[in-house]
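Colleague: I am new to this structure and would be grateful for a guided introduction. Might we proceed by question and answer?

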Amino acid sequence: MEQRTDPTTTRRPAPAGLLALLVVGLGLLTAGCGSSSDAATAAGVDVGTPRHGGTVWMETAQEPPVLNSFLGAGGMSITEVVTAPLKSTWIQVDDHGVWQPLLATSVPTLANGGVVRTPSGGVQLAFDIQPAAVWSDREPITCQDLRFTWRTVMNPKWAIGSRIGWERIQRIDCPTPKRVRMVLDRPYAPYLSALLATAPLPQHALQGRDFNSVWNNRITVSSGPFVFDRWERGDRITMRRNPNWWRAGPEQKPYVDRLVVRFVADTASLKLDLRMGDADIVGIPPDTNLAKELKSIPDARFVVLPGAGWENLTFNTGRFPFDDARVRRAVAFAVDRDSLVDVALDHQVPRLDSTLLPYQAPYYRPSFDRYRADHAQVDVRMQAAGWTR
């Protein structure tokens, strides 16, 4: 098991205020944009003075099949990457891995009274919605939008990719348009990530429409800093600054006028466009030689950080020979995971000892660290299972 890297790179400093969007919204570990974020600091980037106007050009090797990330066809990470600038979620994770309110005014927990047990054994989640939160067409974002999202996800007519967590909801009450009371049938540990870290759907724009197709090629209403402009399939998606963004503040964010995502399948072209200045941000497929190449590009700033994902090979433990725990342990002792990381991945990422990631402390526990390459243990386990050489 090895941990992936996210080798995203920027060339020219982009206007301040954009990096948070790209890091949180696009799911990329980006360095080089003008921002005060930890990633920029780690890369030694000069923050500079924010300025308005201009276009940020991003290039990535993948193109989503559809834009509706709720559908099974849109259940790819690239769909979230591309559509994130069009969305605001109820809560979000900050640079330190801590949940923070976004559309919600608070993160509901047991400690703050936002989560309470119900007499029937379930739980109630309660929170308020930001009074200023509106859609890009200036319609208020309300509790009814969250209730509409739940009903849409649970509607069997729609080809939803996953209903995990949503099926735990018994009802959503809306005492006022900006007050939410969500009742779950029983305690559900990942309620923050599974339910509240999602963006709502606009009831006023989607009610009565065919959800299997209405947002496949065009997102008509935005809750994020940008609004959808056009999608030229096989080439690019263009987004414009949302003039009605509810979080614009006195600085009138976002600073840039346009965000263009170009789809460039060829890795060599991605690197060339970065070198020539035709792209500000590039998402290059994993490559252990990438850091050495990027050092040769003038003005390019990059940082190699562990990615928020991992890869593994999964055995069918219900079939011979992996239905025997002794054989499974023998395999664990037979795999030299240190060499996989140090040799194959050029020491660029740590060896994983859990299905959680080290940055998810305090939940991370090194549950696999007792398994190191040990041929003597392989022999003992296999012989105990009745095997001979």
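Modeller: One definition is needed at the outset: Ala, Val, Leu, Ile, Met, Phe, Trp, Tyr, Cys and Pro count as nonpolar, Asp, Glu, Lys and Arg as charged, and the others, Gly among them, as polar. This is a predicted model, in which local features need pLDDT of at least 70 and side-chain atom pairs count only at pLDDT 80 or more, while totals for chains, interfaces and linings use all residues. Residues are numbered from 1 along each chain as its sequence is written, and side-chain values use heavy atoms, with hydrogens and water left out.

Colleague: What is the volume of the largest cavity?

Modeller: A cavity is a set of points, on a 1 Å grid over the protein atoms alone, where a 1.4 Å probe fits but cannot get out; its lining residues have an atom within 4 Å of a point. Grid points are joined across faces, edges and corners, and a volume is the space filled by probe spheres set on the points. One cavity of 30 Å³ or more is counted by this rule. The volume of the largest cavity is about 130 Å³.

Colleague: How do the residues of its lining divide into nonpolar, polar and charged?

Modeller: The largest cavity is lined by 16 residues, and those closest to its centre are Lys87, Pro200, Leu201, Trp215 and Ile219. By class, the lining divides into 10 nonpolar, five polar and one charged.

Colleague: Which residue in strand 9 is the bridge partner of threonine 176?

Modeller: Strands (E, at least two residues) and helices (H or I, at least four) are DSSP runs, numbered from the N terminus, and two strands pair if DSSP finds at least two bridges between them. Strand 8 (residues 169-176) and strand 9 (residues 179-184) run antiparallel and are joined by five bridges. A hairpin of two residues connects strand 8 to strand 9. The partner of threonine 176 is arginine 179.

Colleague: Is arginine 138 buried or exposed?

Modeller: Arginine 138 lies in the loop between strand 7 (123-128) and helix 4 (143-154), and its phi is positive, near 75°, although it is not a glycine. Buried means under 20% relative accessible area, exposed over 50%, and partly exposed in between (1.4 Å probe, protein chains only). Because its relative accessibility is 61%, arginine 138 counts as exposed.

Colleague: What is the omega of the peptide bond from lysine 253 to proline 254?

Modeller: Proline 254 is found in the loop between strand 11 (236-241) and strand 12 (258-263). The bond from lysine 253 to proline 254 is cis, with omega near -5°.

Notes:
1 Å grid on protein atoms, 1.4 Å probe; cavity = no way out; pocket = protein on both sides within 12 Å on 5 of 7 lines; lining within 4 Å.
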